[in-house]
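Hi,

Here is the structure I promised to pass on. Please open it alongside the notes below.

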Amino acid sequence: MKNTIRVERAKLNITQQELADRVKVSRQTINSIETERYVPSTILAIKIATVFSTTVNEIFKLEEVDWE
């Protein structure tokens with residue numbers, strides 16, 4: 001699953017650690033999500049979208065392989 005977390009963080013000028021602190025996870029978790037090694041839970045995805053004042057669908061995009 002693709003995501004735009006890095007872009008959204010840049011818009012707010014916040015670090016991975018600052019985002020992690022806001023959503024109550026580790027910086028490593030944010031890094032793993034950004035690099036597409038980890039797919040967040042629904043609750044975490046909603047928290048991330050809320051920090052960026054947008055929707056989950058704007059942050060996370062399904063790829064063709066995700067439908068298989």
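**Helix packing notes**

Helix H4 (residues 42-51) has buried residues that pack against helix H1 (5-12), helix H2 (16-23), helix H3 (27-34), helix H5 (56-59) and strand S2 (60-61). Keep in mind that this is a predicted model.

Which residues of H4 are buried? They are Leu44, Ala45, Ile48, Ala49 and Val51. Seen down the axis of H4, these fall within an arc of 155°, so they line one face of the helix. The face turned away from that buried side carries Thr42, Ile43 and Thr50, which are exposed. Just after H4, Ser53 has a positive phi of about 55°.

H2 next. Its buried residues are Gln16, Leu19, Ala20 and Val23. They sit on the same side of H2, because they cover an arc of only 100° around the axis. Just after H2, Lys24 takes a positive phi of about 65°.

One more residue, Val56, lies in helix H5. Is Val56 buried or partly exposed? Its relative accessibility is 27%, so Val56 counts as partly exposed; the buried class stops at under 20%. Leaving out residues up to four places away in sequence, Val56 touches Ala45, Ile46 and Ala49. Val56 and Thr42 are 14 residues apart in sequence, and their C-alpha atoms are 8.9 Å apart in space.

Best wishes

Methods: Residues are numbered from 1 along each chain as its sequence is written. This is a predicted model: local features need pLDDT of at least 70, side-chain atom pairs count only at pLDDT 80 or more; totals for chains, interfaces and linings use all residues. Side-chain values use heavy atoms; hydrogens and water are left out. Buried means under 20% relative accessible area, exposed over 50%, partly exposed in between (1.4 Å probe, protein chains only). Helices (H or I, at least four residues) and strands (E, at least two) are DSSP runs, numbered from the N terminus. The arc is that of the directions from the helix axis to the C-beta atoms. Contact means heavy atoms within 4.5 Å.
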